[in-house]
Amino acid sequence: LQAHEWWRGAAIYQVYVRSFADADGDGVGDLAGVRSRLPYLARLGVDALWFNPWYASPMADGGYDVADYRRIHPAFGTLADAEQLIADALELGIRTIVDIVPNHVSDQHDWFRQALAAGPGSPERDRFWFREGRGTAGELPPNNWPSQFGGSAWTRVPDGQWYLHRFASQQPDLNWQHPEVRREHEEVLRFWFDRGAAGVRIDSAAEVAKDPLLPDVVEGTDERPYIDRDEIHDIYRSWRKLADSYSPPRALIGEVWLPDPDRFARYLRPDELHTAFNFGFLSCPWDADRLRETITTTLTVHTPVGAPATWVLANHDITRTVTRYGRADTGFDFATKAHGIPTDLELGTRRARAAALLSLALPGSVYLYQGEELGLPEVEDLPAEVIEDPMYHRTAGADPGRDGCRVPLPWSGTEPPFGFSASASDDAVPWLPQPRDWSHRTAESQVNDPDSMLQLYRRALQLRRTHPALGDGTMGWLPGDPTVLAFTRNGSGFTCVANLGTTPAPLPPHDEVLLTSGPLADGQLPPETAAWLHAS
Ligand code: TEU
């Protein structure tokens, strides 16, 4: 593995800055907080940090509404803080990935303000999708496209025109046919690459181009005129040239959420994105056949294009892993996000532990979302008045939204804010309230407990770094009981085995048990348990 291809087998930790660590005691996480916790991240054993958008933003969508890419959100710090953080992390061998949101900007971005002021027909409006409405007086939206957050994708402005927003109304979509839109984003990429970012995570990467005729979605067909358009590939090819012009080359990581594996693979080419998140794994129920099939499909898609797979169990948009796996239907769909579904957290935790060993043993890179290493559950009883997620508000609460997985981390102590806010001042109320019973989930309480989730992740990440069979490469399934997933890595004696059945399973031949997600029983692997083995 070439050093500049570090991303092929990396373990990347996702930092949701707002909820990671608060150094100045205002209840909101910040860059100084992340810096103070770099030793924790180094000790955890991750290779890179991906930061959710940390730019100036009115925070209508947790920072995915960017007002200015060249400024840091004042609650998070300054540009100098970001530069220092990137440098300090690198000092510990940890690279930085920044989040780029090409599909839209904030309605407070200069471009959108100028477009509103300049009025219909102006060149300023051309950077967005402004249209006249339908109906006798233009009182109906220009087409029937839905917003991902519920309701119409169009909002009307006082002069009567409508603008397109595939997400919240505070996130107007950019027109990527406009040369200035392309130029500006390439400059933003340079801005962050010049400041040491090792790569970018590209938000909603498959959504940036639209059918310029803006046709209605026809019920009963699969045509979606706002996603996965062929024109997109041209954009990422020019981004790749830009990324490759740096030394070392910078990595492009796409959030490409497409159900069709072949369409997905078209983004992963030697002249396009390096990797993209595999959401199939995250959406897969805890079922041996389904997981085996998902893993095989994923690898079948990646191998011919030469891109490594990525394994993702969680992120800031998804119900927390231990909660998801503690439910009867553990797949990702909006139904599973309905709160109040009976959840067995103990079962969910056992499965999440086994899933951790599974995902960390698979070939390719792996993404961890902050708090996953602490085994945090989804917070399902946030009071309505503290919820900020537009998904909750635009659906009038029908969708519980995503704030339940964004609750500030518990670091230490026995009561909120559990060390999240360094200063003990009265202002230090976390922006989302933490459950009072999280004292046994703090990093501090887990660090000396050999059976904790944190210790499991530390040991697994440590082994992943040192064991030559792990990271990038190949795998082969071992035959046997279909409710047991077992595979070897890179033709070596390394085996990962996970028992998803209901009875204990014998371990495949081995000389050494490297790690298990739970205790063995009479030398057998109990249900909902995984192990890493070595045979010479
Ligand atoms: O998410 C893209 C996306 O498609 C989401 O709507 C996703 O389907 C949903 O959140 C699943 O619950 C990205 C970001 O990850 C998300 O946080 C942003 O809200 C969104 O883009 C808009 O920028």
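Student: Why is Arg229 called partly exposed?
Tutor: A residue is buried if 20 or more other C-beta atoms, placed from the backbone, lie within 10 Å of its own, exposed if 12 or fewer, and partly exposed in between. Arg229 has 17 other C-beta atoms within 10 Å, so it is partly exposed.

Student: What kind of model do these values come from?
Tutor: This is a predicted model, in which local features need pLDDT of at least 70, side-chain atom pairs count only at pLDDT 80 or more, and totals for chains, interfaces and linings use all residues. Residues are numbered from 1 along each chain as its sequence is written.

Student: Where is Arg229, and which residues is it in contact with beyond four places in sequence?
Tutor: Arg229 lies in the loop between β9 (199–202) and α6 (232–244). Here helices (H or I, at least four residues) and strands (E, at least two) are DSSP runs, numbered from the N terminus.

Student: Why does Thr414 count as exposed?
Tutor: Thr414 has 12 C-beta neighbours inside 10 Å, so it falls in the exposed class. Thr414 belongs to the loop between α12 (390–394) and α13 (443–447). Its C-alpha atom is 8.1 Å from that of His440, 26 residues away along the chain.

Student: What makes the chain as compact as a globular protein of its length?
Tutor: Start with the inventory: the chain has 14 helices and 20 strands. Its radius of gyration is 23 Å, close to the 24 Å given by the globule rule for 536 residues, so the chain is as compact as a globular protein of that length. The radius is taken over C-alpha atoms, and the rule is 2.2 Å times the number of residues to the power 0.38. Of the 536 residues, 49% count as buried.

Student: How do you know that β1 and β2 pair?
Tutor: Two strands pair if DSSP finds at least two bridges between them. Strands β1 (residues 11–15) and β2 (residues 48–51) have four bridges, in the parallel sense. Ile12 stands opposite Ala48 in β2. In general, strands of a sheet pair through backbone hydrogen bonds, either parallel or antiparallel.

Student: What makes β5 largely enclosed?
Tutor: Six of the six residues of β5 (residues 95–100) are buried, so the rest of the structure largely encloses this strand. Arg95, Ile97 and Asp99 are buried on one side, and Thr96, Val98 and Ile100 on the other. Ala48 has Arg95 as its bridge partner in β5, while Ile100 has Ile202 in β9.

Student: Why are β6 and β7 said to stand at the edges of their sheet?
Tutor: The sheet is open and antiparallel, with three strands in the order β6-β8-β7. β6 (130–131) and β7 (154–156) each have a single partner strand, so one side of each is left without a neighbour in the sheet.

Student: What makes a set of residues a nonpolar core?
Tutor: A nonpolar core is a set of buried Ala, Val, Leu, Ile, Met, Phe, Trp, Tyr and Cys residues joined through C-beta atoms within 7 Å. The largest one here has 142 residues, and Leu49, Ile97, Val200, Leu357, Leu358 and Ala498 touch the most other members. Helix α11 (residues 345–361) gives it the largest share, eight residues. A second, separate core has six residues, including Ala60, Phe167, Ala168 and Met391.

Student: How do you know which residues are around the ligand?
Tutor: A residue is near a molecule or strand if its C-beta atom, placed from the backbone, lies within 6 Å of it. The residues around the ligand include Asp61, Phe167, Ser204, Trp257 and Arg402.

Student: How many residues of each class are in that shell?
Tutor: Ala, Val, Leu, Ile, Met, Phe, Trp, Tyr, Cys and Pro count as nonpolar, Asp, Glu, Lys and Arg as charged, and the others, Gly among them, as polar. By that list, the shell has four nonpolar, three polar and five charged residues.
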